[in-house]
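Trainee: I would like to learn how to read a structure. Could we go through one together?

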Amino acid sequence: MKGTYTSGGATVAFRDTGAGLPVVFLHPTPIDGEYWRPLIEELAGVRAIVPDLRGHGKSELGSLPEGGFASVPDAPVLTMTQLASDVLTLLDHLQAPAAIFTGCSIGGYIQLELWRQAPQRVRGLAFVCSKPQPDAEANLSKRAATIAEARAGGSAALYEGMARTLIGRTARERRLEIVTELRARMTLTPEALVAVQAGLATRPDSVPTVPTITVPVLAIAGGEDPGVAPAEMEAFRAAPGGCEFHLLPDAGHLAAYEQPQKVAALLAAWLRQIEA
């Protein structure tokens, strides 16, 4: 089933397929929910709920506040708080009291905010190439530069670069078409790109949140990930609900798309433990 709902004045698109344990899949930026399609095709026995985050895919960006990112004070800011609120509104729309969440990159940051906002609606958290640490100073400078380039008309060039760098070297060598496939899913407008970068820059430090997570955690890191080091993901081991950690040495930042069968197998085994 494909559908839309309204959250905070924006129309948000989603897909809801399958039956069984409800699992919400939160995609990375600047890709849309299709990122998860190869992995979901490998899973059985789950109800896969896949929204397009605000500004991505078929979802509207909506009206956003400015002033949150000190380096670019006039930038609209798509906060993790807003994105988490959108997800909770989706659960309400689907009359789903609780779910397991699987997120890559920004999807994982949203999950940490979901835990802070509504832990009673979270049955488990799977993080794929995502981390609890905030942006370091160098990353903040890079995000400001990305915003400047997007506003100068350079979003297409930015996406061309992201399509190459976010995908691991091994995946690019094994399947040349993967870069073209994922580049085609990068459809954010310049305004949305600016808002997302400002939101990522202003996300909170979630390291103190991890020791409060009492539900099961799955952490899958990519050894070829240029943005999230496996050592940073080790921080999830502090979750008292238990953390199952895996390193895929030959995967990049978009590991679930690069190696859908492998990531799906890890996820399926972990989900069976939660259901048991």
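Mentor: Just after helix 2, Gln-95 takes a positive phi of about 55°. Helices (H or I, at least four residues) are DSSP runs, as are strands (E, at least two), numbered from the N terminus. This is a predicted model, where local features need pLDDT of at least 70, side-chain atom pairs count only at pLDDT 80 or more, and totals for chains, interfaces and linings use all residues. Residues are numbered from 1 along each chain as its sequence is written, and side-chain values use heavy atoms, with hydrogens and water left out.

Trainee: What span should helix 2 have, and how far apart are its end C-alpha atoms?

Mentor: The expected span is 1.5 Å times one less than the number of residues. For the 14 residues of helix 2 (residues 80-93) that gives 20 Å, and the end C-alpha atoms are 20 Å apart, which agrees.

Trainee: Which residues of helix 2 are buried?

Mentor: Buried means under 20% relative accessible area, exposed over 50%, and partly exposed in between (1.4 Å probe, protein chains only). In helix 2 the buried residues are Met-80, Leu-83, Ala-84, Asp-86, Val-87, Leu-88, Leu-90 and Leu-91.

Trainee: How many salt bridges are found in the whole structure?

Mentor: A salt bridge is a side-chain nitrogen of Lys or Arg within 4 Å of a carboxyl oxygen of Asp or Glu. The search finds 19. One of them joins Asp-135 to Arg-143, with the closest N and O atoms 2.5 Å apart, and both residues are buried.

Trainee: Which parts does the salt bridge between Asp-250 and Arg-174 tie together?

Mentor: Their side chains meet at 3.1 Å, N to O. Asp-250 lies in the loop between strand 8 (243-248) and helix 10 (255-258), and Arg-174 in helix 6, so the pair ties together parts that are 76 residues apart in sequence. Asp-250 is buried, with a relative accessible area of 18%, whereas Arg-174 is exposed at 61%.
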